[in-house]
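I opened my notebook today to look at how parts of a protein chain sit against each other. Here is what I looked up, entry by entry.

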Amino acid sequence: MENIPRIFEQMPDAVAGVAERLRQAGYAVWLVGGAVRDHVLGVPPADWDFSTNAPTQDILTILSPPYRVVTFGLRHGTAHVVTPDGMVEITSWALNGHGGIDKDLERRDLTINALAVSYPDGTLLDPFGGLKDLKARRLRGVVNPLERFREDPLRPLRAARLVSRYGFQVSRKTRAAMRDAAPWLRHVAVERIRDEFWKLLLGPHVMEGLDLCRRSGLMAVFLPELLEGWRKKQNSYHRYDIYRHTLLCVHHSPAQLRVRLAALLHDIGKPRVRAKVGGTYRFYGHEKQSALMARDILERWLTSKKLTDDVVLLVENHMVHDTDAWKDAAVRRLIRRVGLPLVDDLLELMRADRLAHGVPSEALNGVERLRARIRRILDEKPALSPKALAINGRDVMQVTGTPQGPEVGHILNQAFQLVLRDPAKNDRDFLLKWLEEKAMGVTS
Ligand code: ATP
Ligand code: MG
């Protein structure tokens, strides 16, 4: 039996404190899950999961402040503990019924997730050959994969998520079980699917992860729209079909959820608007269609309104072209339209999209020129909303005699359009004079 006590040296103090308190209360404590996996792979562990024989009531009293037990996932007997060094998950066998650490590991999904290290001596428990699989970079279901997937149909998606994170191969038997189990994913709560899928989206091997979802049939359950682009040819600007282009676009975008979701959905409407015009495929209005479908899909996944709106806005605006020919005013309008916080994501999305065309093109330089231009324009600190004008609603009412009401906002917006075209006009004297002239025009 191997021994890896050094894993505990990496544990943050507050996390070690959790293990220590349980041990001092006389309970067995095992480190399980991603931390063991990452340690063996030589990656610094991101989060810490424990397994213990302490009953949940005792966990509640043992983990007094600064610890805070927030929820018990009763179904899995899991406590989530907030510590000054992040969240810790504790699985209690007591709540899980009978058995010990062996039984606990048997209930886990994949062999590489069914490793445990006892605290504090570091004895490694590996009943299903997880260590060998980790070294062979292979995913295998515990004992009978199909049986495990039937118990919890989220597990195949978790496997795809780990493919995306580590680039591992899935063993043949487990792959076959994934295909058989995929339709059961329909019975899993959409929030669980979404959370796993979002982790999948952020992995460095995201193309492999996504394609495994397609091949196994998982994608047909939670994102059938993407399959519509499979083998749908495009035109001379594109080397790949719509589906493959989309995967590449995700791959080339930075590993942040908002921009990766936008990359995933940026062309989602393309198959539905594809039309042959003069012997070549055209996709007129595909960004509008994609934006509509993106909203639908994100709402179906119960995504927050803010994230949904942001992603839809990025999708809607991804077809910005030939900006070299634009006036500065048009660039300012673009910044105003997508909003300052989304500008960088839009540029990243455009860049990833161009890279994913797979044909050499000047367009990539165009994105960089636009980036530089936006930076220069922002350095000039232009007014990007009516709030940033040198006049306000009170000025409008005083100078023009307009009563309080929507007309005031209307006039402010006119002034704002003026300033968007020419930032030099955001000058209090100039705008007050403009208001006076406007008032005279109205009264005379
Ligand atoms: P991460 O590094 O992303 O946290 P993880 O493997 O630790 O990856 P968690 O969701 O934190 O993922 O789960 C911790 C452990 O709990 C897993 O490694 C696995 O052993 C077990 N587990 C979690 N969810 C399931 C599940 N649905 N079915 C079986 N075992 C699960
Ligand atoms: Mg974990």
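**Entry 1: two domains.** I looked up domain 2 and domain 3 in this predicted model, and their centres, taken over C-alpha atoms, are 28 Å apart. The contact (heavy atoms within 4.5 Å) takes 14 residues from domain 2 and 14 residues from domain 3. I noted the bounds too: domain 2 covers 137–222, and domain 3 covers 225–236 + 252–382. Such bounds come from an automatic or database domain assignment.

**Ground rules I jotted down.** Residues are numbered from 1 along each chain as its sequence is written, and chains are lettered from A and ligands numbered from 1 in the order in which they are written. Local features need pLDDT of at least 70, side-chain atom pairs count only at pLDDT 80 or more, totals for chains, interfaces and linings use all residues, and side-chain values use heavy atoms, with hydrogens and water left out.

**Entry 2: buried area.** How much area is buried between domain 2 and domain 3? I found about 1,400 Å², with 75% of it from carbon and sulfur atoms. Buried area is the accessible area (1.4 Å probe) that two parts lose on being put together, summed over both. Trp198, Leu201 and Leu202 supply 39% of what domain 2 buries against domain 3, more than any other three residues.

Entry 3: I looked for salt bridges (a side-chain nitrogen of Lys or Arg within 4 Å of a carboxyl oxygen of Asp or Glu) and found 0 across the interface of domain 2 and domain 3. On the side of domain 2 that touches domain 3, helix 9 (190–201), helix 10 (206–216) and helix 11 (219–222) each supply at least two residues. Helix 9 gives the largest share, 6 residues. I took helices as DSSP runs (H or I, at least four residues), numbered from the N terminus.

**Entry 4: two helices.** Next I followed helix 10 to helix 8 (residues 172–181): their axes come within 8 Å and cross at roughly 60°. Axes are lines fitted to C-alpha atoms, for helices over the stretch in contact, and angles run from 0 to 180 degrees between N-to-C directions. Arg175, Met178 and Arg179 in helix 8 meet Leu212, Arg215 and Ser216 in helix 10.

**Entry 5: one salt bridge.** The structure holds 35 salt bridges. I picked glutamate 151 with arginine 148, whose closest N and O atoms are 3.1 Å apart. Both lie in helix 6 (residues 145–151), 3 residues apart, about one turn of the helix.
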